[in-house]
Each structure stands twice: as C-alpha cells, then as structure tokens.
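Please read it alongside the sequence.

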Amino acid sequence: MIEIKDLKKKLGAMELNMSLEIPEGYICGLIGRNGSGKTSLLNLITGLTSPDEGKVVIDGLEYGKDDKAIYARIALVSEDGLLDGYCTAKENGLIYGRYYTGFNMTSFLCLLNKYRVNPNIAIDKLSRGEKLKVQFAFAISTRPKYLILDEPTANFDPEFKKAFHEEINKLMSDGKHTVIFATHITSEIDRLGDYLLFIHEGKKVFMGDLESFRDKYKLAVGEEFYIDRLTKKALLSKEVNNYSTRAMFDMDLINKDLDERYMNHLEFSPVTIEDFMYFYTKEAE
Amino acid sequence: MKDRLRVYLSGFKLRKIIKDRGIGICFIWLIIVFDRMNDYGDEFFSNSVFLGLFGVLLPMFLIVASMFFHKINYDKVFYLLPMTLEERRKTIVSNYLFAVMIHLIIGIIPLCIVIIMARVNIFTAAFMLLNVIILSFMIIPKGFNEYVSVRFVMVVVACFITQLIEVDMFYETRISVHVFMWLIMCIFIIPMAYSCKKKIIEEFDYAMTYKEIKKAK
C-alpha cells in the first residue's frame, strides 16, 4: 500500500497538501487539470522529489531508509524522457536492466517487437509515442509491484492502446500489483480504473472507488426552479442554458425527505469523470 | 567489467559528440598536425615530431574528448534504480574511476613507447607523464553544455599548452627551460588540479540524488 502522510510541498504559488492511501491490487486513476500537481505528486511518490513536510510510505518502507527496497517495487513511465536518449532501447535495457532482479531482457525485446519499435535505434530518434512504448516495455519487464504512469496514453496509437490495456490487465490479473495512472483522457479511467483520485490546486478533492464516485456525484438536468430548491450545500455547480439547467450534486448531502418532491421533477444520472472535472474546476474558478 | 565498459562506451555516441561540439576538439588536433606539417615539411615524419603528435598529443585529445562526454551526473532512470544511496555513490565513483583507468591506459602506454623510442630527456618525460596523469582524473562534473567549472578548463588548457611545448623539447638540454616548465607545473597546474579534486568529490555527493531534490535543498 502507498501511504501519503500529511504531505506538503510548495510548488511555486501553489502548495501540494494531502494525506491519502492507495490500496494494493487496484488501478488508481489520477486526474486534475494542468498544473494541479499530478506530476509533482507522482514525483513525490517515486522519490524524485522530496516533500517539505510529511512522508511517503510504500509497503511500510520510507525513502532515505529503504530506497533499494522501494525502487525494486516501483517503475515509472513518464512523458519526459527517463532513459538515456543517446543509447538505443537495447543498450538501455542492458545498462539499466541488470539492476533489477526480475528484469528479463528477452521479454523486453519481445515487447518492443510486439509494439513494433526498433530496439537498435537511439531513443532520441524515436517519436514521442515510441519513446513511451520503450519506457512502458522497460517498466513492465522489471515486473514492478507499483507501476506509475504519468500521462502515458496521450501519444499512443489506437493499436498500441489495445496492447497497453492488455498488458495492464495481465499485470493486474494476480491482484498483487497496483497501477497509478495520471491522465487527461478520462475515458481511460472509466475503462481501466478501480479508484479515482481527483486533485485540484494541490488538494485532494475525491479519493475513492469509482462505484462510490458514481453514487456520490450525480448530474441533475431539468428546470432551474427545482434545482434551486434542493439542499444548497449539496449543489456543487450549476450550468444554465436556454433550454434546461444542468447541475452537479453531492448526493451524500441531499436531504432526501425534504428534497424528494423536487427531485421527482429532475432527471438524475451518474456524473462522468469528464463532467465532474468540468463542473468542479468551473465552480472553483 | 563488461557493463562498466558498456556504460563508458555509451558516452562516445557520434550524435552526442556532434551535439556537444566535441567534434571541435578533434579539429584542433588536425589543425596542429597540418601546422606541424607546414613547419617541418619533409622532417614531419622524423621520429620526434611524428611520435610527439601521434603518441603524446593524440591520446591527450582523446582523453579530453572523453572527459567532456562522461559527466558525473546521470539520467533520470539512474535515480529510479533499486540501489541504496551508498550503492549509488559507489556506482558513480566506480564509473568515474573506470573512465580514469581508461584515460590512463590511453595516455600512458603510447607515451611510454614515445619516451623509449625517442629517448626523451628525463625532465620532459616526467613532465609529460604527470600531465597525462593529471588530465586523466579531470572529468567535467556536469557535462559540456552546462556550467563548466573555470578551474577545470584552466587545468585542461594549461596541461595542453605545456604538453604542446614539451613535445618540442624532447632533446632540450638547457636546464633553465625545464626549471621554468616545472615551475608552471608546481605553481599553477598541480594546485589547480588539487582544487578540482575537491570539486569532483563534492560532485559525487551531488550526483547521488536527482536534481529536483537538490533544487529543493
């Protein structure tokens, strides 16, 4: 399990400030708009950045004391190049793979072959998508317990996306692995995710399983008159247009006894992650 | 050993050499060769000039090229490898020492052959040997494109110029000239190289953690 305890990190004008636990054996989607602190949070989880306060604990292990054990469990795939750009994928595998006990060079080369990436071309000469494929193949070949992906799918072609989903499902099949997955493509989380972590301006807005997310947040469509009569504090955001009004509600705060007569005039549906992001950031602004 | 050699050789990528303007270093050597050809004409292929250029200066150029392409800092992936801080430091230091060992092999073996073949005087031989040893330990801390310590550049330039002078002094008998050269060595090159040693050791500690952590500190 990854535990983030009272973590504080100053990021320019913003401060990343949160505590949370990411359970083992699930895929956790991390969303938030640009500059909300997603990559910084992943850098803190991978120990590439140190927090100002608080700590990151992975399986009871802490950075500074148990680095070797932690890094043997995690693998990062990031948009900004991780591997040595002047070396080929094969050379990177030979140079860095030997540090991992579970690394399998044959499986690394097989994956590259499957993804149609030439292992004998310098990383810097590959396209952005191919670079990510190499990183992903390398990460998978190290057999990590925690696979951390920082916006990986944006540059993937549809064919590779399918292979990517297959590989993730294969990795998750034993229930012992965890994937943390920052993305803007919310449909990816709808498709793959079990848990959702939504952050805004460095703060945690929602952390929980997708089912409870869909139960907790609902989108109401109907006349503004009825929307305005529902419990005020349950209303998170409202959008009025010529024909109808759409509003996002926190259903835990709705007073069912009082609001039921108005609710019958509205159409409620589970909010999509995309709508949630849209309404939340609109309201926050 | 094989892995260390692989890491070392990965520094010599043609694209990297071109991008890091390292190709310029090789051109300087060619300019010196052509200059000497002009100066000496038919005598160019006489033992001392030819041996000096190929046995002393060419290895020095190779060492300088190598020191620019083997920075002590590493790529992001290095900081995600399963290692303790101590192991990471050990890897950084041993990769550095491996590069130094290669530099010494490249520099000293041809130099010894030149010294024996050309029967170089003892002062010049010792001077050139010391120059190669000093240069072998100089590895630019943060790569050619980033901030390069002025001291490092001064040591490299001083080693080079003095070595260039010494190549013409294989049979020099005037003791005053040797004394002057050794004064430069003792007053300038050795103290500067010693101060660079401190910087290299600092760099080992600096390279142990990823730069974003360093920035935060």
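**Notes on the two-chain model**

1. Chain B and chain A bury about 2,800 Å² between them, and 61% of this lies on carbon and sulfur atoms. Buried area here is the accessible area (1.4 Å probe) that two parts lose on being put together, summed over both. The model is predicted: local features need pLDDT of at least 70, side-chain atom pairs count only at pLDDT 80 or more, and totals for chains, interfaces and linings use all residues. Residues are numbered from 1 along each chain as its sequence is written, chains are lettered from A and ligands numbered from 1 in the order in which they are written, and side-chain values use heavy atoms, with hydrogens and water left out.

2. In this interface, 26 residues of chain B are in contact (heavy atoms within 4.5 Å) with 32 residues of chain A. There are 3 residue pairs in polar contact between the chains, both residues being at pLDDT 80 or more. A polar contact is a pair of N or O atoms within 3.5 Å; within protein, one must be able to donate a hydrogen and the other to accept it, and residues adjacent in sequence count only if both atoms are side-chain atoms.

3. Helix 1 (2–9), helix 2 (14–19), helix 5 (85–118) and helix 9 (211–216) of chain B each give two or more residues to the side that touches chain A. Helices (H or I, at least four residues) and strands (E, at least two) are DSSP runs, numbered from the N terminus. Helix 5 of chain B gives the most, with 4 residues. This side of chain B divides into 11 nonpolar, 3 polar and 12 charged residues. Ala, Val, Leu, Ile, Met, Phe, Trp, Tyr, Cys and Pro count as nonpolar, Asp, Glu, Lys and Arg as charged, and the others, Gly among them, as polar.

4. Between chain B and chain A the count is 1 salt bridge (a side-chain nitrogen of Lys or Arg within 4 Å of a carboxyl oxygen of Asp or Glu). It joins the side chains of E87(B) and K68(A), at 3.0 Å from N to O.

5. Over all chains, the structure holds 21 salt bridges. In one of them, D59(A) pairs with R73(A), the closest N and O atoms being 2.7 Å apart. D59(A) lies in the loop between strand 4 (53–58) and strand 5 (61–62) of chain A and R73(A) in helix 2 (residues 67–73) of chain A, so the pair ties together parts 14 residues apart in sequence.

6. P119(A) lies in the loop between helix 4 (105–114) and helix 5 of chain A. Its C-alpha atom is 6.2 Å from that of T88(A), 31 residues apart along the chain. Not counting residues up to four places away in sequence, P119(A) touches T88(A), A89(A), K90(A), L109(A) and L112(A).
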